[in-house]
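Subject: Salt bridges in the structure

Hello,

Here is the structure for your files. My notes on its charged side-chain pairs follow below.

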Amino acid sequence: MAETMKGMHRTHRCTEVTEAQIGTTVTVMGWVQKRRNLGSLIFVDLRDRSGLLQIVFDTKDIGEAGFEKAGTLRSEFVVGITGTVTEREGAVNENLKTGHLEVRAKELRILSESLTPPFPIEEDSQTKDELRLKYRYLDLRRPDLQRNLMLRSRVATKVRAYLTEQGFLEIETPILNKSTPEGARDYLVPSRIHPGSFYALPQSPQLFKQLLMCSGYDRYFQIAKCFRDEDLRADRQPEFTQIDMELSFVDEDDVISVNEGLLKAVFAEVGVDVQLPIQRMTYQEAMERYGSDKPDNRFGMELVNVSDVVKDCGFGVFSGAIANGGSVRGINANGQGAMPRKKIDALVEFAKGFGAKGLAYMCINEDGSVKSSFAKFLTEAEIGALVEKMEGKPGDLLLFAADKDKIVFDVLGNLRLHLAKQLDLLDKNVYSFLWITEFPLLEWSEEENRFVAMHHPFTMPMEEDLDKLDTDPGAVRARAYDIVLNGTELGGGSVRIYQDDVQEKMFEVLGFTKEAAYEQFGFLLDAFKYGVPPHAGLAYGFDRMIMLMAKEDSIREVIAFPKVKDASCLMTNAPDAVDEKQLAELQIAVLKEETD
């Protein structure tokens, strides 16, 4: 039968017991990590969120009854122990903060017993994710996950302190909102009071934070829950957290300056000294050099445009792509010229997954000769010029893609990352920050046969490109900026449109009629008629930030109760069916698919 804590009060967490307490009496509480019975002595490793502390049970200290009770302890029992702190008599454990100390127990209370856990509660668990997530409350006891969530808490505290010092106000915005287009799919919530009508869970606080600027709050921030009904991957969840902010009477440089200070303060929590100012790179340069708008610049292997060298060559794949308005570009995998043909063929298949019709390659032998999939179509002079342009040297592997720029960028941008992983070039101890600026304002949607906003419809075009909204919308650059870390987008934002005529033109280019624009965004457009300040903002993916700080590969490792790939929770079995009474109150009928 479990005992109570009555009259027993914890004095220290496990690793708060230090040399200063030697000779004193302490009371500690936690979970049994391990028990070792040596006959005359019983050793228990006691665990709480701070770490481990060794407890020694000896009949001289605790008596026969207490010693017998200690013999019943099992993994994950919850106990309270009062005893005297002493230096370890046995071997010191240098890997533990308390490795030179132990507590000689005088009193033991078993506060709660435990079944045998379905997997060991230990660091770097090799247990399958499905089992860990089903028993997430046990998984969360593991020290590495506890460190991650404690880091998350400290960073949130640091964010609040820094932004408050910078004059920001923390203001909450609604969770139950109006559904708006121009983004990912909304999660919808039916209204009982308004049958047939639905709220939408916020994909971001975007409209409300702009309204707060209209209301004169000047600087707003929020650590906000957001929801998007989209397919999951390692750094994406259906519900996620943003560090969201908006500022009035500012431009891009002001927003970037504030956020560089925030990044420096926050990453100091993991011992990273962010060097300021952070490098800036335009979207166009990022695509040309890395084939990505979120480039990982911890390693080289940059894209090289060789179109001028091969535009008139006899290899139709190259010359044809250029004649059709595309380009030929390559990457140099230094030192990989001896890569087996089987591995090169695997790279070709990988490239095809990103739209490539194929992948041309050239191996430079140690004697300077080349082995290539296309060399027979080129003259010796063309081969020499190509190798020179690629800065090729003996032992290198040159890989080329030829197509429309968009496909070439996508293929080589992903291929360089794929190779970097294979070649172990991605050092998690290196933190390489980069601002990407001057994004395209719009992108063409083949599916919708119209331009859509690359960020959102309230992003300000660059002033020198305003006239192109009528003549060449696809060439208009946005006053938008993303902060990228090691190839991951940490956050993004923009200067917002605040003039009526520019906003109307933006809606027109996006295919909105005035009536449709007002139906969706009328409350914001009306607010803009009453004096709106120039404003700008930015939002970070908080989960991604913590994932990178904790050097994890998935945001599930830094979220207490995450979902799996199909957006379900293995622990609670959500989403699940609800009873007919609830559906009737909402006037909702569930249509079941017929099966043959």
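A residue is called buried under 20% relative accessible area, exposed over 50%, and partly exposed in between. Please keep in mind that this is a predicted model.

Side chains of opposite charge can pair when their charged atoms come close. The model holds 53 salt bridges; a few of them are described here.

Glu170 and Arg160
Glu170 pairs with Arg160 in a salt bridge, with 3.0 Å between the closest N and O atoms. Because Glu170 sits in strand S6 (residues 169–170) and Arg160 in helix H4 (residues 143–165), this pair ties together parts that are 10 residues apart in sequence. Glu170 has 41% relative accessibility, so it counts as partly exposed. Arg160 is also partly exposed, at 33%.

Arg280 and Asp253
A salt bridge joins the side chains of Arg280 and Asp253, at 2.8 Å from N to O. Arg280 belongs to strand S11 (residues 280–282) and Asp253 to helix H6 (residues 252–267), so the parts tied together are 27 residues apart in sequence. Arg280 is partly exposed, with a relative accessible area of 42%, and Asp253 is partly exposed at 43%.

Glu508 and Lys505
Here the salt bridge has an N to O distance of 3.3 Å. Both residues lie in helix H14 (residues 500–509), 3 residues apart, which is about one turn of the helix.

A network
Salt bridges also link a set of residues into a network: Asp129, Arg132, Arg136, Asp139, Arg142, Asp144, Arg556 and Glu557.

Regards

Definitions and conventions: Residues numbered from 1 in each chain as written. Predicted model: local features only at pLDDT ≥ 70, side-chain atom pairs only at ≥ 80, totals over all residues. Heavy atoms only, no water. Salt bridge = Lys/Arg side-chain N within 4 Å of Asp/Glu carboxyl O. Helix = DSSP H or I, 4+ residues; strand = E, 2+ residues; numbered from the N terminus. Buried < 20%, exposed > 50% of the residue type's maximum accessible area, 1.4 Å probe, protein only.
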